[in-house]
Amino acid sequence: MVTILDVARAAGVSKSTVSRVLDERLPRSTSATAERVRQAAADLGYVRDPLAAGLRRAGTSTVGVIVPRLTDTVMAMLYEEIARACGSRGLFAIVATTEDDPDAEHVAVQSLRRRRVDGLILTTARLDAPTEPERPVPHVLALRTDGVSSASVGDDRLGAHLATRHLVDLGHRRIALVGGPRYASSARNRQEGFRSALAESGVPVDEALIAGDSFSMEAGEAAGRTLLDRPDRPTAVFAVNDNTAIGVMAAAHALGLRIPDDLSLVGYNDIPVVSRLPVPLTTVRVPFQQVAAGALELLLEAGRDRSPRTLVATPTLIPRRSTAPVQRV
C-alpha cells in the first residue's frame with residue numbers, strides 16, 4: 001500500500017505538507033509545491049485513507065500502546081510493528097508499560113488520555129477483568145483478548161496444536177507443557193491447543209507434566225527443573241512462549257540433558273534470538289506485522305458504531321534442531 005510517507009519522499013516535502021495539499025476540505029492550492037505533491041500522489045497511485053484522516057482530525061494523530069513490559073521481546077516487536085503501521089497512515093504511536101498490573105494499567109490509560117491520544121491499543125487484556133478504558137477514547141486489544149473488546153490476535157489454539165502434533169509425529173508420547181498465566185488468553189488458548197492435539201492423537205494428558213504460570217525465562221527454568229528432575233521425565237516439552245523455552249533449555253543444561261538427544265523442545269512466537277541459539281529452537285511463528293495492522297484497522301473503525309470483532313492471524317510452525325525423533329530404549 002502506498003502511504004503518505006511515500007508521497008512525501010517522492011515530492012521532497014514533509015508529511016504534513018502532503019496532508020494539507022491532499023485534504024479536500026481545504027482550498028485547492030496552485031503552488032508549484034502543491035502540484036508536485038499531487039503529481040507524486042498520482043504517479044504512485046496513492047489513495048487517501050478516510051479512516052486515518054478522520055482519526056487525525058479528531059485530535060493529536062497519536063495512538064497510545066500499552067504493553068506489560070518492553071524487556072519482553074514479543075512486546076517490543078509488536079510495538080515496533082504498530083508504530084510502523086501508524087506511521088504509514090500519518091499517525092504516531094507512543095508506548096506505556098504496566099508490568100501486567102491492572103492498577104498500573106489504569107494509571108497508564110489515564111496518563112495517555114491526558115496526553116490526548118486519539119485511541120488505545122492494549123496488549124494487557126485479562127480474562128479475569130474485561131478491559132474498559134474510560135470513554136471517549138476508543139480502544140482495541142492485540143495478542144490477547146478479554147472476550148469483550150475488539151481484538152487482533154494470533155490463532156493460539158492452532159499454533160499450539162501444530163507444535164504438539166509435531167512432537168507426536170516425531171514419536172513422543174510423554175510430552176510436557178510449560179504454560180503461562182491463566183489470565184492471559186494466549187496462554188490459556190495454547191494450553192487448549194496442546195490438549196486437543198494430544199486428544200486427537202490418542203495420547204493421554206498427564207497432568208503431572210503441566211507446569212509454569214508466567215511468560216518469563218525464570219519461570220520457564222523453574223518449571224523445567226520441576227519437569228525434568230523426575231525419574232519418569234518427559235521426552236519432549238512444548239513451552240507456550242520462547243522465553244520460557246529458553247528457561248527450559250537452561251534447566252536441561254543444568255541437569256546434564258542434551259537437546260534434542262535427551263529432550264525435544266518447542267517454543268512459541270519466533271523471537272529473533274531463538275534461531276541463533278547453539279541449538280536453534282523449533283517454534284511457532286506469529287505474524288506480528290499482520291496482528292499490528294489488524295489492531296490499527298480495528299481502532300480506526302472503532303468510532304463508527306460497529307460491533308466488536310476479532311481478527312485472527314494464522315501462525316506457522318518453524319522446525320529447527322531442537323526437536324528430533326524420540327530415542328527408543
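In which sense do E1 and strand E3 pair, and over how many bridges? E1 and E3 (residues 119–122) run in the parallel sense, with four bridges between them; two strands count as paired if DSSP finds at least two bridges. Helices (H or I, at least four residues) and strands (E, at least two) are DSSP runs, numbered from the N terminus.

Keep in mind that this is a predicted model, where local features need pLDDT of at least 70 and side-chain atom pairs count only at pLDDT 80 or more, while totals for chains, interfaces and linings use all residues. Residues are numbered from 1 along each chain as its sequence is written, and side-chain values use heavy atoms, with hydrogens and water left out.

- On the E3 pairing, Val63 has Gly119 as its bridge partner.
- E1 also pairs with strand E2 (residues 92–97), again in the parallel sense, over six bridges, and there Ile66 is partnered by Ala96.
- E1, helix H5 (residues 73–88) and E2 make up a right-handed β-α-β unit (with the strands pointing away from the viewer, the path from the first strand over the helix to the second runs clockwise).

**The four-stranded sheet**

- An open sheet with parallel pairing has the strand order E7-E6-E8-E9.
- Its edge strands, E7 (210–211) and E9 (264–266), each pair on one side only.
- Strand E6 (residues 175–178) pairs with strand E8 (residues 236–239) over four bridges in the parallel sense, and Val178 has Ala239 as its bridge partner in E8.
- Helix H8 (residues 185–201) lies across E6, E7 and E8, at about 170° to E6 (axes are lines fitted to C-alpha atoms, for helices over the stretch in contact, and angles run from 0 to 180 degrees between N-to-C directions).
- Helix H9 (residues 217–228) lies across E6 and E7, at about 150° to E6.

**Helices H1 and H2**

- The axes of H1 (residues 4–11) and H2 (residues 15–22) come within 8 Å and cross at roughly 100°.
- H1 and H2 are therefore roughly perpendicular (65 to 115 degrees; under 35 is roughly parallel, over 145 roughly antiparallel and the rest oblique).
- Ile4, Leu5, Val7 and Ala8 in H1 meet Lys15, Val18 and Ser19 in H2, with contact meaning heavy atoms within 4.5 Å.
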